[in-house]
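Subject: Structure handover and notes

Hello,

Here is the structure for your files. My notes come after it.

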Amino acid sequence: MSNYKAILLDFGNVIININPELTTKAFAEISGKSEQRIAQKLIDSQLFRRYESGMFDDDEFREIVRQTIGYPFSDEEVDRAWNSLLLDIPNKRVELLIELKGRFPLFLLSNTNHIHIQASNKILQKRHGISTLDSLFNKAFYSYEMGLWKPDEDIYKQVIRETGFAAEDILFIDDNELNIKSASSLGFQTIHHHPEEKDLSDYFDF
């Protein structure tokens, strides 16, 4: 890495630990259908991408889940299963974010959705006494609000426009190789994060 002027972070498995298989398992336990069948239905329907690109609101999403899986989940059951992939945000990462924001303009760029952000805020409030994820950043860019999706180039171009920083001046950390390749092609400094090998704090020596 050369001298960067701003930092852009992914959310899932960079800041918050996640396990998407837990959502498939939760839907299977409630519906009595196999995990393999549900996983395939979610893939075939492109449910994650469609919802997280802002194509429908929360109530529409819940109804599409019911139709896609073929089970009359309650709204609460959908939300509970959907949020089961969200695990913990270690205290040292929260402390790191606070430290980073004091040193650099700090931004978040996440493929995510309203239900997950609401649940993440509750995790932050309960475990860390922090009201919202947004408060940890100069600006949080959420795919569902932008109507865009990583790794499409347009989402990175919007970050450049709104932050006012050149791509070359931004350090971007993400655990998805395609997202890293797309950002690198536009000139971002990048780190492909492997959560099983390193923690976010390992990249900064404060």
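This is a predicted model: local features need pLDDT of at least 70, side-chain atom pairs count only at pLDDT 80 or more; totals for chains, interfaces and linings use all residues.

Residues are numbered from 1 along each chain as its sequence is written, and side-chain values use heavy atoms, with hydrogens and water left out. Helices (H or I, at least four residues) and strands (E, at least two) are DSSP runs, numbered from the N terminus.

Core. The largest nonpolar core has 34 residues, and those touching the most other members are Leu9, Ile15, Leu133, Phe137, Ile173, Leu200 and Phe204. A nonpolar core here is a set of buried Ala, Val, Leu, Ile, Met, Phe, Trp, Tyr and Cys residues joined through side-chain atoms within 4.5 Å. Buried means under 20% relative accessible area, exposed over 50%, and partly exposed in between (1.4 Å probe, protein chains only). Leaving out residues up to four places away in sequence, Leu133 touches Phe11, Leu108, Ile117, Asn121, Leu124 and Tyr142; contact means heavy atoms within 4.5 Å.

Strand β4. Five of the five residues of β4 are buried. Ile170, Phe172 and Asp174 point one way from the strand, and Leu171 and Ile173 point the other way. In a regular strand the side chains alternate between the two faces of the sheet. Two strands pair if DSSP finds at least two bridges between them. β4 pairs with β1 in the parallel sense over four bridges, with Ala6 opposite Ile170. β4 also pairs in the parallel sense with β5 (residues 189-192), over four bridges, and there Phe172 has Thr190 as its bridge partner. Between β4 and β5 the chain passes through helix α10 (residues 177-185), and this β-α-β crossover is right-handed (clockwise from the first strand over the helix to the second, with the strands pointing away from the viewer).

Helix α4. This helix (residues 58-69) has twelve residues. Its buried residues are Asp58, Phe61, Arg62, Ile64, Val65, Arg66, Thr68 and Ile69, and they pack against α1 (21-31), α2 (35-45), α3 (47-52), α5 (75-83) and α7. Just after α4, Gly70 takes a positive phi of about 75°.

Helix α2. Ala39 lies in α2 and is partly exposed, at a relative accessible area of 25%. Ala39 and Thr24 are 15 residues apart in sequence and 6.0 Å apart in space, C-alpha to C-alpha.

Regards

Definitions and conventions. The expected span of a helix is 1.5 Å times one less than its number of residues.
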